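Reader: I would like to learn how to read a few features of a model. Please take them one at a time.

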Amino acid sequence: MNEKEIERLLEKFDQSSLKDFELTQDDFKLKLSKREQNDQVVVQQPAGAKTPVSEAPKSTDASSQPAGEPQQPVKDNVAEIKAPLVGVVYFAPSPDKPVYKKQGDHVEKGEVVCVIEAMKMINEVKSDVTGTISNILVEDGSMVEYDQPIFQVTKG
């Protein structure tokens, strides 16, 4: 990566709503963060990962799993819909519209379940399985990492 590309990337990052950004290309690694030194970052170790993955802090409520607990093993009849890229996840197309899907809703393969904003671009996330959404694993407006599970879907 040359200096001009890095400057352009810094400018885009500065204008975005992202708090953290990481880029790895061959032997080049770039990490950017807008967080203050005392900001809390929750670190989870996804299955099969070699390095910790950061995500936005979560508020805990009765329906979400506390961030510090490891994820429960996924059952055979439960599939996960994972983030195809790093960005901010939104469950509705805009703040004044209803959510695409909520817990308990039936979802068909290829149906849009949420969107992820990355560098001011909105990317649809489509289900790769047919079933019922049994669990929502992240909060609306939170930062998600590549391949991070967003939904659990009971097949069928």
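Reader: Is Ser-127 buried or exposed?

Author: This is a predicted model, where local features need pLDDT of at least 70, side-chain atom pairs count only at pLDDT 80 or more, and totals for chains, interfaces and linings use all residues. Residues are numbered from 1 along each chain as its sequence is written, and side-chain values use heavy atoms, with hydrogens and water left out. Buried means under 20% relative accessible area, exposed over 50%, partly exposed in between (1.4 Å probe, protein chains only). Ser-127 has a relative accessible area of 3%, so Ser-127 is buried.

Reader: Which residues is Ser-127 in contact with, beyond its neighbours within four places in sequence?

Author: Contact means heavy atoms within 4.5 Å. With those neighbours left aside, the contacts of Ser-127 include Ile-81, Val-107, Lys-109 and Val-113.

Reader: Which residues touch the most other members of the largest nonpolar core?

Author: A nonpolar core is a set of buried Ala, Val, Leu, Ile, Met, Phe, Trp, Tyr and Cys residues joined through side-chain atoms within 4.5 Å. The largest one has 17 residues, and Val-89, Phe-91, Val-113, Cys-114, Ile-116, Ile-150 and Phe-151 touch the most other members. A second, separate core of 9 residues includes Leu-23, Leu-30, Leu-32 and Val-88.
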